[in-house]
Amino acid sequence: RMGFKSLVSRLDELKDSPSAKGGPSPEKQIELIGDELEDYYKKGVFSQKIYELEKAVKPVLRKMERAGILLDVKILKKLSAKIAKELIEIKKEVIQLVGEDFNLNSTKELGRIIFEKLNLGGHRIKKTKGGAYSTAFNELEKLKDAHPIFPLMLRWRELSKLQSTYVSALPRLVNPADGRLHTTFKQLGAVTGRLASENPNLQNIPTKGEYALEIRRAFTAPKGWLILA
């Protein structure tokens, strides 16, 4: 009736698919928390061996979540001030280069400055679905040697992301009662079956870049204990 005639021949296939049976489709990430682990076992998604393994891991992960990890907020506050100072200097340089003040976090305003006012490299840049020139990080990187504004904006993006995602954000997530971050570990949060972490994602702390080591140094162990990697 709705005209989706090509789907008719696929009805049997869809009916027998894992997602139709209540299990995860192979191309999507799946989240299994609480009693869902047992639900999926009962539905035949997991074998007995996999179920027993995941069941044994579950209380260990809950214990890890409750324990959390110490965060030295002072280190991050000091780093935050350092990054904020550099961001101010970058903005001053950019404004001096283009001759006007604008919002460096606005992709629309940045696009106007680069591709209209400065008339730089539009032919080398991909366009968005709306027809505008893209100001994505990898697109600006193509032009990093074409004009001083590009390395400055790349640095601005890098530092802004570090500041908002880690340096300023992590201290706000610390439990004031124990000074620790308490992430949530997802046993099958990825289609590959690897362990995942969220709120915050402690598996995604930067490893490269000049500030990466300083951010990681903020994760500490109690006196007399060590963190091993």
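Why does Gln163 count as buried?

1. Gln163 counts as buried because its relative accessibility is 11%. Buried means under 20% relative accessible area, exposed over 50%, and partly exposed in between, with a 1.4 Å probe and protein chains only. This is a predicted model: local features need pLDDT of at least 70, side-chain atom pairs count only at pLDDT 80 or more, and totals for chains, interfaces and linings use all residues. Residues are numbered from 1 along each chain as its sequence is written, and side-chain values use heavy atoms, with hydrogens and water left out.

2. Gln163 sits in helix α7 (residues 149-167). Helices are DSSP runs (H or I, at least four residues), numbered from the N terminus. Leaving aside neighbours within four places in sequence, Gln163 contacts Ser80, Ile83, Ala84, Ser168 and Ala169. Contact means heavy atoms within 4.5 Å.

3. Glu54 belongs to helix α3 (residues 48-67). Glu54 is buried but has no salt bridge (a side-chain nitrogen of Lys or Arg within 4 Å of a carboxyl oxygen of Asp or Glu). The nearest side chain of opposite charge is Arg62, 8.9 Å away. Lys and Arg count as positive, Asp and Glu as negative; His and the chain ends are not counted. Not counting residues up to four places away in sequence, Glu54 touches Leu37, Gln187 and Leu188.

4. Helix α5 (residues 107-117) has Leu110, Gly111, Ile113, Ile114 and Phe115 buried. Seen down the axis of α5, its buried residues fall within an arc of 165 degrees, so they line one face of the helix. The arc is that of the directions from the helix axis to the C-beta atoms. Lys108 and Glu116, on the other side of α5, are exposed.

5. The cover over the buried residues of α5 includes α4 (73-98), α6 (137-142) and α7. Just after α5, Asn119 takes a positive phi of about 50 degrees.

Conventions:
Helix = DSSP H or I, 4+ residues; strand = E, 2+ residues; numbered from the N terminus.
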